[in-house]
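Please read the following report alongside the sequence and the structure shown here.

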Amino acid sequence: MIFSRRRNDNVPDTEPVYLTPEGLASLKNKLARLKDSIPRLAEEARRTAAFGDRSDNAEYKEAKGALRSANFRIIETEDKLKRAALISPDKNSAVVQIGSTVVLKSDGTEKTYEIVGPMETNPGSGRISNKSPLGESLIGKKAGGKIIIKTPGGEKEYTITRVS
């Protein structure tokens, strides 16, 4: 279990990690790349340790730090994979859920968003987190519903025109 760096370090991160099939494959590939890098990083730490006094050896400290960082990222990635929850929305549902594609209308323009987990967000391509203010307010709503989001420029109203 990993302790979150963003929240209180004494609270374990136990929430599911919502991923699309592509996101799950990407996370597995990341883990494989990290594990493949360990022998090279360990060899670099061994090589630089031979330069002499480790307390004054910047190359060794850098190599050791890179090895520690890779090991931490492996543990963190394995933990995310253990908590992975595959997004498989009910496409016949009229209710917005994680994995839904939602068309919103505001100020006469329509925008399409896919609700994904925080690891796969990319607002520029229409992928928003279920934890974002907009994503959170959409969950559980139906087509025809209205939501109001507080923005730095004031409140903004959206009408849900389609859910798929």
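The expected span is 1.5 Å times one less than the number of residues, and helices (H or I, at least four residues) and strands (E, at least two) are DSSP runs numbered from the N terminus. This is a predicted model, in which local features need pLDDT of at least 70 and side-chain atom pairs count only at pLDDT 80 or more, while totals for chains, interfaces and linings use all residues. Residues are numbered from 1 along each chain as its sequence is written, and side-chain values use heavy atoms, with hydrogens and water left out.

Shortly before the proline Pro39, α1 has a kink of about 30° at Ile38, the bend being the angle between axes fitted to the seven residues ending there and the seven starting there. Among the buried residues of α1 are Leu24, Leu27, Leu31, Leu34 and Ile38, where buried means under 20% relative accessible area and exposed over 50%, with partly exposed in between (1.4 Å probe, protein chains only).

| Element | Residues |
|---|---|
| β1 | 17-19 |
| α2 | 58-82 |
| β2 | 84-86 |

Elsewhere, 5 strands form an open sheet of mixed pairing in the order β5-β4-β3-β7-β6, where two strands pair if DSSP finds at least two bridges between them. Its edge strands are β5 (127-129) and β6 (146-151).

Conventions:
Contact means heavy atoms within 4.5 Å.
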